[in-house]
Structures are given as structure tokens and as C-alpha cells.
Amino acid sequence: MYEPIRTKSSVVHRMGAAEETTADYPQRSRAEALDIQLAGHLAALLAVTDELGLADSAAEIATQVTRLRGAEPTRAPQGAVEGSPALHQRAHDLAARALLVAASRADTTVAILAAERMDAHAAVLESQDLAGAL
């Protein structure tokens, strides 16, 4: 049924061959990867916050994005749009993601900011639910 291979393989296996090929690509540390991820979540939260027309909150978020990226974020024109429940839910979810990443990288400033944004959007969603029930 089974016969072992009696000849040597013609393929040469070397240890470290993968290391030589990946040396050409830049490697990121875990902290750098978390910074990039956190800046992305905050930039998305900033876009929704701008869309909701929350200028003060957007300024705080923009400050943190600038700190993480080293450059000012691209901003959407601020509008005085009535906040739909879907936008507030999206902002709440984005703030939650930012909070998780901020906790992973021990960034208390962003963690506090994200928690405050989560609370604010949760309060709006709760008030809209109560108004809809009346």
C-alpha cells in the first residue's frame, strides 16, 4: 500500500528563506498598527460627527486624529443635519470600536473621548426611542 520514498528530494529547503524575502517590505510594530487602526476609526467617527453638525465634538476628534496621523484629517463640510437614528447608531458603533482599540494601546485620552461620544449618542438614541413611543 505505502512505499516510502527512497531518494532524496530535489527541492532544497532552507531555513530563513522567508525572512530574506520579507526583509524588502517595511515591518510595522503592534503599536504602529494599533495607531493606524485607531486613527482610521476616529476619522470615520469624525466624518459622521461632521455630518451630524456637532462642531465641538468634531474638533476634539480631529485633534486626536491629527496627533495619531501627524497630519490634519480631511474634513467634510459641516452641515446642520437633523440627526437620524441611523447616523447616531453609526457614530455610537464607531466610538465603541475606537474605545476598544484605545484600550488595547492604553491611550486614555482617546478612550475617554470615545466613551463620552458613546454616551452622548446613546442618550440621543434613547431620547428618540422615548419620543417615538409617545
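## Contacts of Val-48

In this predicted model, Val-48 is in contact with Leu-87, Arg-90, Ala-91 and Leu-94, once its neighbours within four places in sequence are set aside.

## The largest nonpolar core

Val-48 also belongs to the largest nonpolar core, which has 25 residues. Together with Leu-38, Leu-42, Leu-45 and Ile-61, Val-48 is among the residues that touch the most other members. Two or more residues of this core come from each of α2 (30-52), α3 (55-69), α4 (85-104) and α5 (108-133). Helix α2 provides the largest share, with 8 residues. In soluble globular proteins, nonpolar side chains tend to be buried together.

## Salt bridges

The whole structure contains 4 salt bridges. One of them pairs Asp-35 with Arg-105, with the closest N and O atoms 2.4 Å apart. Asp-35 belongs to helix α2 and Arg-105 to the loop between α4 and α5, so this pair ties together parts that are 70 residues apart in sequence. Asp-35 is partly exposed, at 23% relative accessibility, and Arg-105 is likewise partly exposed, at 24%.

A further salt bridge joins the side chains of Asp-107 and Arg-67, at 2.6 Å from N to O. This pair links distant parts of the chain, 40 residues apart, with Asp-107 in the loop between α4 and α5 and Arg-67 in helix α3. Asp-107 is buried, with a relative accessible area of 8%, whereas Arg-67 is partly exposed, with 43%.

Through shared partners, salt bridges join Asp-35, Arg-67, Arg-105 and Asp-107 into one network.

Notes: Residues are numbered from 1 along each chain as its sequence is written. This is a predicted model: local features need pLDDT of at least 70, side-chain atom pairs count only at pLDDT 80 or more; totals for chains, interfaces and linings use all residues. Side-chain values use heavy atoms; hydrogens and water are left out. A nonpolar core is a set of buried Ala, Val, Leu, Ile, Met, Phe, Trp, Tyr and Cys residues joined through side-chain atoms within 4.5 Å. Buried means under 20% relative accessible area, exposed over 50%, partly exposed in between (1.4 Å probe, protein chains only). Helices (H or I, at least four residues) and strands (E, at least two) are DSSP runs, numbered from the N terminus. Contact means heavy atoms within 4.5 Å.
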